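Colleague: Could you walk me through this model before I set anything up?

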Amino acid sequence: NVEKAWWKETVVYQIYPASFKDSDGDGLGDIPGIISKIPYISSLGVNAVWLSPIYKSPQHDMGYDISDYRDIHRPYGTLEDVQRLIDELHKNQIKLLMDLVVNHTSDEHAWFKESRSSKQSPKRDWYFWRDPRYDASGNRQEPNNWRSIFGGSAWHYDETTDQYYLALFLPSQPDLNWSNADMRQATYDDMRFWQDRGVDGFRIDSMNLMSKHPDLPDATVTRPKEKYQDGSEFFASGPKMHDYIREMRTEVFDHYDAMTVGELGFTNDERSVSEYVAKDRHELNMVFTGDIVDMDFGPGGKYERDDFHPRKIRHITNMWQCAMPKFDGWNSVYLDNHDSGRSLSRYASDKPEHRAASAKMLATYLMTLAGTPFLLAGQEFGMANLGKDYGVESYIDVEAKNAYNAILWQRGGNKSSMGDVLREMQRKARDHGRLPVQWDDSPNAGFTAADAKPWMTINKDYIEWNAASQQSDKESVLNFYRQVLQLRKDYVDLLVYGSYKPLDEKETGEMVLGYERASPDESQHVAVLLNFSDQEQSISAAGYDGYNTLISNGRSEVAGGRVRLGAYGAVVLLKD
Ligand code: TEU
């Protein structure tokens, strides 16, 4: 039997502070705005919020470049506002997870300013500094051939000390050297600062990049035509990773019963993941493995064409649902975050005729699996990607812009050749997960003042797709989410702690993801059937005598010995 825990029975609601709700009309979301929406958040039935970074930051990577962990980005508010947010959430029985970004800091952080000031600085070793290499003709070269995740070299030359520093993301995001014990202790103090204020846990950013191969060796050349290579074989899940996590536990987490969710990049095999989440490892509660949001990435990267197929989500879902019981681990269950396009647009359909059914089908997926579900604000009422009529200038996130410009350069600056890349941006760019939340059909979607200039494009579909218009419509996506979240509470033994059995593709057809759950005492059984296509599918109902429809998105029927699913149809059949 799976051990019970509060963080296993939780549904987490991700809030991207810049885009959630602006209270003072500067066009940027803020903490008082979030506080004003706590009654709405509570009405969903979620019981935790994951808040993306709100700390002091120059905002080159939207706050994932932190210059002071103990102060707040002024346009978001003050430390007092944050304390009010924590207290108000707790009054509503909602826990708060903060985003812990400690693989790197901003280059404006005091630690980095000290570290770069001189080779003798006591903080020199808190970051990665290495001498240049020189080629045969004496030209200065970076210390190794690693490519940054945002493009270009991962190394940046510093005139002052004639050395390079490592930054796996932007040049303004220098990597912290986790092998330095003083740095680790200073970071633990920052973590205690938040836990002492009542924060209930952390989503830990880029967690497995904290331990790198000690020699920082050159990466295998996998792209011969390019100067810089993917160094993740040496910068992800390195030899000390689990030592650092265990030290975080003893130094911080275990003193606060913290919920811990580690974001893993470049690591999504069962054995490696088991080392992070197996119960007897006493490391993390759960991780994000990234494969669910990368499944339609091409072999050449995010913006190379590779289409979604239901077989991909079946493979990943079955793998992780079947894996965790083997080592008593626990899943996060998600389809959306601030780093990807909306799953409604990527993995189902945001066409007017299918948008509501698709959103409800994906809601059914999220709420009937074993693991802790995570929602991205706006998902609960069917927010979708920017449409095809938004040109490349609508994308402002550094990740998509750098990728587009790098490919454009490779293609000799020929913009007319970029149609395929723009299509991938329309499906996967991080911008789509960061659009201002569409609260109502007033100007600026009720996100900010009618006469304000929002920091980011507001999807013009807000007129029809917004929370207010769905509040009292019992057939709406919003109220379907409320229903399935309630179902998960009503059937916690079955839907949270129950067993998982995949239905074979031969039974369901390749377009339908099907699985069965059973409560630990076998008294309750459900069959979940999800049509990821726009064509009707039908499956034999032979095995489901005595089952009744627990919930459906209105595009399913059981008749004549068949379960019929319309386009994007979803049904949960229950026997209890
Ligand atoms: O993301 C880690 C990461 O690997 C992402 O850059 C991801 O691979 C990419 O966005 C896929 O499109 C975390 C944060 O979630 C992300 O927002 C930050 O940009 C990044 O770390 C640096 O902190």
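Modeller: We can go through the ligand and then the salt bridges.

Modeller: This is a predicted model, in which local features need pLDDT of at least 70, side-chain atom pairs count only at pLDDT 80 or more, and totals for chains, interfaces and linings use all residues. Residues are numbered from 1 along each chain as its sequence is written, and side-chain values use heavy atoms, with hydrogens and water left out.

Colleague: How many residues surround the ligand?

Modeller: There are 16 residues around the ligand, with Asp-61, Asp-205, Lys-302, Asp-339 and Glu-399 the closest, where a residue is near if one of its heavy atoms lies within 4 Å.

Colleague: And which polar side-chain atom lies 2.8 Å from a ligand oxygen?

Modeller: That atom belongs to Glu-399, while a polar side-chain atom of Arg-203 lies 3.0 Å from an oxygen atom of the ligand.

Colleague: Switching topic, how many salt bridges does the structure hold?

Modeller: It holds 47 salt bridges, each being a side-chain nitrogen of Lys or Arg within 4 Å of a carboxyl oxygen of Asp or Glu. One of them joins Arg-430 to Asp-339, with the closest N and O atoms 3.2 Å apart.

Colleague: Is Arg-430 buried or exposed?

Modeller: Arg-430 is buried, at 6% relative accessible area, where buried means under 20%, exposed over 50% and partly exposed in between, with a 1.4 Å probe and protein chains only.

Colleague: What about Arg-314?

Modeller: Arg-314 forms a salt bridge with Glu-505, the closest N and O atoms being 2.7 Å apart; Arg-314 is buried at 7%, whereas Glu-505 is partly exposed at 26%.

Methods: A polar contact is a pair of N or O atoms within 3.5 Å; within protein, one must be able to donate a hydrogen and the other to accept it, and residues adjacent in sequence count only if both atoms are side-chain atoms.
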